[in-house]
Amino acid sequence: MNITETDNLFVANTYKRFPVELISGKGSVMKDTNGKEYIDMGSGIGVTAFGIADDEWKKAVTAQLGTLQHTSNLYYTEPCATLAKMLCERTGMKKVFFSNSGAESNECAIKVARKYAADKKGKEYSTIVTLKNSFHGRTITTLSATGQDKFHEHFNPLTEGFVYGDANDLQSVINLAQDNKTAAIMIECVQGEGGVIPMERDFIRGLYEFCNKEDILLVIDEVQTGNGRCGELYAYMNYGIKPDIVSTAKGLGGGLPLGATMLGEKAESVLGFGDHGSTFGGNPVCCAGAISIIERLDEKFLAEVKEKSEYIFNELNGTKGIKSVSGMGLMVGIETEKAASDVVAKCMENGVLCLTAKTKVRLLPALNIPMDVLKKAVEVIKNACAEEE
Ligand SMILES: *Cc1c(COP(=O)(O)O)cnc(C)c1O
């Protein structure tokens, strides 16, 4: 049996995989079992922030691997402490809870928000307002937070207390927050799985002001948008706001599972001993890798992310077969005339791996993708969009 046959027989059928067996890579180039090379424009859904087998990340991870790969959270370890300090210093947040995935980072955010509101206003203040078309994860509670019916089917009853406002419609969200006893409003700055839809400045600033006034916590889900993806360390920084809670994962670990929930002034002391925990959370190997990622996301590097973003937008906007381009930084959605899946298949045939999001082709390349590699990939994508059948 080859890899595909074995996988099809023994791995649960939750993923509709492409007929490609990837075995190795370096930077933004990946290789399959036939020796065919691909430019990776998806980076494992925004995870391999510095590409495959990045030297600095590998050095940090392997050094830690040979020193201490795990201990329980009953003890102190250096990488966990250092990473938390770095994140707080770079964001102005006060404390960090580490977990292993995006869904878990949101679970923590939800627990903190509910306890904050219960302590302060009473336990009936438990509603979390999220947005229609959002995505917050696959656990029962984060599914509940996700404002898309198709994810809810088959899994009822979901966790109670989530209501969904309209993205970019400030009044709709405020009305929901006022009509319910609300603990928090939780949003993505750019809806990723929902189709790469950026939130407008006035919308996010309006929510920020409303939350401040009403003492409702503003939770920003930066699982996909964070860690340099949108041209700033975190996407909320593009909006000039200060969230109460920021959750992140995906790119943070550079390819190892790591989630973080950053807690601002109001939220930092909400959880006490025993209120939350994670066996693997803050794993020293994952944190050592993350430190090597976060320390490189300085202003100069982020300026390059923005330049590459501009290049992609300029190249794709108004090109044959492309209706529109949306997104922020190196998180790009392309509305194509052809079906997105056809464009992705064509790109794959021609050696470029792309993603989809709803009806769009989605690009999440490694943040350090070299310009010449990016140019090649964009050429292939343009041709795939323009080509007549
Ligand atoms: C991917 C994603 C999640 C879920 O992350 P997992 O690591 O798969 O649990 C949550 N929120 C957003 C915005 C995401 O893009």
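A salt bridge here means a side-chain nitrogen of Lys or Arg within 4 Å of a carboxyl oxygen of Asp or Glu. The pair links distant parts of the chain, ten residues apart: D7 is in helix α1 (3–10), R17 in the loop between α1 and β1 (22–26). Helices (H or I, at least four residues) and strands (E, at least two) are DSSP runs, numbered from the N terminus.

A word on the source. This is a predicted model: local features need pLDDT of at least 70, side-chain atom pairs pLDDT 80 or more, while totals for chains, interfaces and linings use all residues. Residues are numbered from 1 along each chain as its sequence is written, and side-chain values use heavy atoms, without hydrogens and water.

By this salt-bridge rule, the count is 22. Take E388 and K320, at 2.7 Å, N to O. E388 sits in the segment after α13 (371–386) and K320 in the loop between α11 (299–316) and β13 (322–328), so the pair ties together parts 68 residues apart in sequence. There is also a network of salt bridges linking D54, E56 and R296.

Now helix α3, residues 55–65. Which of its residues are buried? W57, V61 and Q64. They cover an arc of only 65° around the axis, which puts them on the same side of α3. The arc is taken from the directions from the helix axis to the C-beta atoms. Buried means under 20% relative accessible area, exposed over 50%, partly exposed in between (1.4 Å probe, protein chains only). On the other side of α3, D55 and K59 are exposed. The buried residues of α3 pack against α4 (78–91) and α10 (284–294), with contact meaning heavy atoms within 4.5 Å.
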